[in-house]
Amino acid sequence: MPYFIAAPCIDVMDKSCVEECPVDCIYEGERKLYINPGECIDCGACEPACPEEAVFTDFKAPAEDGEFIADNARFFAEPLPGRGEPVGTPGGSAMIGPVGADTERVRAWRAA
């Protein structure tokens, strides 16, 4: 997985990364943004754009944020609450708009 978004995005969703993404692969959940691993071209434009420093590559992730690597993939691979099918790889977030749901990990997240 090229890039993923970790805990600092939860309940913030600044969306600066969305504006910089040239392939529209950043999707909006209810509380957090998610990068589609099947659509990301690994360009890195999103990482410096994030004021919360929540965007990482899987090989540079801080240990405490490593759990979000698999969680980011689950957002696209498994049905989310209120949705009958997984988000999958629709070809860009503009194709479906805000998803309005999150993974179980993000839904259960409590601010420290």
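Here is a short tour of this predicted model, moving from the whole chain to a few charged residues.

Start with everything in cartoon view. The protein chain carries four helices and four strands, in the order β-α-β-β-α-β-α-α along the sequence. Its radius of gyration is 12 Å, close to the 13 Å the globule rule gives for 112 residues, so the chain is as compact as a globular protein of that length.

Now for the salt bridges: the whole structure has five. Select aspartate 11 and arginine 31, whose side chains pair at 2.7 Å, N to O. Aspartate 11 sits in the loop between strand S1 (3-5) and helix H1 (16-20), and arginine 31 in the loop between strands S2 (26-28) and S3 (33-35), so the bridge ties together parts 20 residues apart in sequence. Aspartate 11 is exposed at 53%, while arginine 31 is buried at 17%.

Next, pick arginine 105 and glutamate 67, with their closest N and O atoms 2.1 Å apart. This one links helix H4 (residues 104-107) to helix H3 (residues 67-77), across 38 residues.

Stay in helix H3 for aspartate 71 and arginine 74, three residues apart, about one turn of the helix. Their salt bridge comes in at 3.3 Å. Aspartate 71 is buried at 1% relative accessibility, whereas arginine 74 is partly exposed at 32%.

Last stop: show the surface and select Asp14, Glu19, Glu20, Glu52 and Glu53, which form a negative patch. Glutamate 52 lies in the loop between helix H2 (46-49) and strand S4 (55-57).

Notes. Residues are numbered from 1 along each chain as its sequence is written. This is a predicted model: local features need pLDDT of at least 70, side-chain atom pairs count only at pLDDT 80 or more; totals for chains, interfaces and linings use all residues. Side-chain values use heavy atoms; hydrogens and water are left out. Patches are made of residues with over 30% relative accessible area and no salt bridge: like charges are joined within 9 Å, nonpolar side chains (Val, Leu, Ile, Met, Phe, Trp, Tyr) within 5 Å. Accessible areas come from the Shrake-Rupley method with a 1.4 Å probe; for residues, only the protein chains shown count as cover. A salt bridge is a side-chain nitrogen of Lys or Arg within 4 Å of a carboxyl oxygen of Asp or Glu. Lys and Arg count as positive and Asp and Glu as negative; His and the chain ends are not counted. The place of a charge is taken as NZ of Lys, CZ of Arg, CG of Asp or CD of Glu. Helices (H or I, at least four residues) and strands (E, at least two) are DSSP runs, numbered from the N terminus. The radius of gyration is taken over C-alpha atoms; the globule rule is 2.2 Å times the number of residues to the power 0.38. Buried means under 20% relative accessible area, exposed over 50%, partly exposed in between (1.4 Å probe, protein chains only).
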